[in-house]
Amino acid sequence: MPSGAASRMTGFMAHLRHNGFAVGPGETELVLSALAANEFDVSAARLGLKTMLSGDRLQWSRFDELFDAYWFKRGLRLAERAPAKDSFRSHRPRPELWDKVLPPEEGSAYSNRIERGPGEAEEPDETSGSGRLIASTQDALMRTDLRTLVSPGDVAEAERIAERLARAIRYRLSRRRIPTCRGDTIDLRRTIRHNLSRGGEPIELRRKHRPERPVRLVVLLDVSGSMKVYNRYFLSFVRGLIGKWLQADAFLFHTRLVRITDVLRERDARRVMGRLSLMSEGFGGGTRIAASLKHFNDRYAKEALNSRSVVIVMSDGYDTDPTEALTLELKRLKGRARRLVWLNPLLGWKDYTPVARAMAAALDYIDYFATAHSLASLAALEDEFVRL
Amino acid sequence: MTFDYKPVQRDLAEAGYIADDGLAMALCLTIGLRRPLLLEGEAGVGKTDVAKALAAALKTRLIRLQCYEGLDANATIYEWNYQRQLLAIRAHERDAMPSDAIERHIFSEDYLLRRPLLEAISQPQSPVLLIDEIDRADEEFEAYLLEILSDFQITIPELGTIAARSIPHVILTSNGTRTLSDALRRRCLYSYVDFPDETKELAILHARLPDIDRRLARQIVRFVQMLRREELEKKPGIAETLDWASALIGLDVRSIHGDSAAAAIQASLICLLKTEADLKSMPREVTARLIGKVA
């Protein structure tokens, strides 16, 4: 293969890498050797490269577009819809982002948005907004609430609490037994095997026990207008829950649902917030819980949930979708997950009863319904989580 | 190695499997590059059947490993046949055989139970190794599998290292119930198998049910294609289409139009719709509306 073509191919690999493909020198070599050994036309080469280089469904479906963009300059280089790793570097001069921001409207990404106080957060589409009114009028009463305690220490504390909680539920006993030195039952098969040299007399016993298997954790966080005041704590809480735990997934939703697992695993907290603010267009807008859950059920549930999953929904339950839709989606969700936990910050309010229609309907499917309005209430969850 | 996938496509078609260009290319590369192929897609789009058809096309054995949670090395690679070993010890006790001879004897290959992975690498001719639903196995097993898939050799302490006599053609399938590790994805070629389009599905139907009436086949495929566009929990796959077609033939339905067929069709929808909610979402009227759209 002429060296010009090789360097073009290297450029193509860089182009793919820039768009989130996990391809390295090994793949480049593979591709070059495959191309060198062949007579081929464009469509065959495209198919071949697609098979060799894509790693999952998303990459598979984007490949053709990226291929055309690079080799035929179809003007799609800006097709980098998935935020590339360094795509928000331009927002770095916001050093106080993590400390002061969230509500994220203060961030440069939002400078063109009108800032609204929590009391005037109503949007025209809030038809069932009776709850929202409560949220605004009670603002003055909530001085001890999470939203007023804004210090970096509290945020860090929320993350620590979340990590403790996550540890509390990480493992669940399995039904299948595996061999160990000190198990609760005798492993007959291995005992016989081990004692073969003694003519099969079972002198030394082998044992087995039920191992702990990891629980999968899925967090769905409501970041709509009515929840805005809690977002900073909840985001760091979610980060603590899933940050170090591989079998966990986090999503945030308002009118749409966005997967944020990969973003939260970023080590630099400031970059996390930067990316989140970019991802959550519509932060602080209306809420469509049912539609978001439906999106989750259709697209992610199969992959994210199994019989040992705990789903945690953090929302105040003020939904603009019809109640029946929410009931249906919760039923589907419950069918796939083992436990459904709903954390509602409003529950900590004086005299709150879950009257929002959505919330009342949801109660049937929830295994554990708890408050999450203060750090103490978050910490108190630990005992309950152990029991789940 | 070659990019020319047409012969593979033709061979598969002779084995009764209609593969589109993407899949044929993937198989062609798998054979050429000796790399495992990871197939993803909805249940029932024919991922498992690819392996069967490939084995038939290459005229080689198909060795299948069905994954499940808790699958371990004993069930996948090898195990000693303890009961037989025990019996052998008892039997040889009487004829005063020296003990080390007994030991050599009972740890010979006769007493080895070959599980799929060991079986696959000890074939004289490259077999097709199908590792089905890899997403159901634990992550530990996935890591172990990676090692075998890169070295193609297995070490048995009592016997020594067994190197592959031939490198199998490995096909892994996944339904996406768990995210697979990046390491595994990088090691494999990847192909996403989608629901077939109308032409392909019709071709499959004719390949599998050669006796079917042409007009009925077209109607069935149109109907199923439209059904997939409805809001369903579980969309019907190709296997379901084939089941339904056989059911309709069995019920002696000549055309899906007309009142006489309506009852039979409604009753046989259970071949296509596999959950209660889906069945409920397709009452007689909705079925009639869909049938009305089928030309």
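Leaving aside residues up to four places away in sequence, L54(B) touches L12(B), L27(B), V128(B) and H169(B). The model is a predicted one, and the description that follows should be read accordingly.

**Nonpolar cores**

L54(B) belongs to the largest nonpolar core, which has 85 residues. Together with A24(B), L37(B), I171(B) and L172(B), L54(B) is among the members that touch the most other members of this core. A separate, second core comprises 60 residues, including A158(A), M314(A), A361(A) and A362(A). In soluble globular proteins, nonpolar side chains tend to be buried together.

**Chain B and its sheet**

Chain B contains 15 helices and nine strands. Of its 295 residues, 34% count as buried. Among the contacts in chain B that link residues at least 6 apart in sequence, 78% join residues at least 24 apart.

Five strands of chain B make up an open sheet with parallel pairing, in the order 2-5-8-1-9. Strand 2 and strand 9 (189–192) of chain B lie at the edges, each pairing on one side only. On average, neighbouring strands of this sheet are turned by 20° against each other, direction ignored.

| Strand pair | Sense | Bridges |
|---|---|---|
| Strand 2 (62–66) and strand 5 (128–132) of chain B | parallel | five bridges |
| Strand 5 and strand 8 (169–174) of chain B | parallel | four bridges |

L129(B) stands opposite V170(B) in strand 8 of chain B.

Which residues of strand 2 of chain B lie on its covered face, and which on its uncovered face? I63(B) and L65(B) form the covered face, whereas L62(B), R64(B) and Q66(B) form the uncovered one. In a regular strand the side chains alternate between the two faces of the sheet.

**Contact between the chains**

The contact between the chains takes 26 residues from chain A and 26 residues from chain B. On the chain A side, helix 3 (42–53), helix 4 (57–71), helix 8 (188–194) and helix 12 (289–304) each supply at least two residues. Helix 3 of chain A gives the most, with six residues. By residue class, the side of chain A that touches chain B comprises 11 nonpolar, eight polar and seven charged residues.

**An exposed residue in chain A**

E212(A) is located in strand 5 (residues 212–214) of chain A. Is E212(A) buried or exposed? E212(A) counts as exposed because 11 other C-beta atoms lie within 10 Å, and the cut-off for an exposed residue is 12 or fewer. The C-alpha atom of E212(A) is separated by 9.8 Å from that of R177(A), which is 35 residues apart from E212(A) along the chain.

**Confidence in chain A**

Chain A has an average pLDDT of 70, and 68% of the residues score at least 70. Over residues 75–95 of chain A, pLDDT stays under 50, and the model has 28 contacts beyond four places in sequence for this stretch. Residues 100–147 of chain A also have a pLDDT below 50, with 68 contacts in the model beyond near neighbours in sequence.

Terms used. Residues are numbered from 1 along each chain as its sequence is written. Chains are lettered from A and ligands numbered from 1 in the order in which they are written. This is a predicted model: local features need pLDDT of at least 70, side-chain atom pairs count only at pLDDT 80 or more; totals for chains, interfaces and linings use all residues. Two residues are in contact if their C-beta atoms, placed from the backbone, lie within 7 Å. Ala, Val, Leu, Ile, Met, Phe, Trp, Tyr, Cys and Pro count as nonpolar, Asp, Glu, Lys and Arg as charged, and the others, Gly among them, as polar. A residue is buried if 20 or more other C-beta atoms lie within 10 Å of its own, exposed if 12 or fewer, and partly exposed in between; C-beta atoms are placed from the backbone. Two strands pair if DSSP finds at least two bridges between them. pLDDT is the predictor's confidence in each residue, from 0 to 100. A nonpolar core is a set of buried Ala, Val, Leu, Ile, Met, Phe, Trp, Tyr and Cys residues joined through C-beta atoms within 7 Å. Axes are lines fitted to C-alpha atoms, for helices over the stretch in contact, and angles run from 0 to 180 degrees between N-to-C directions.
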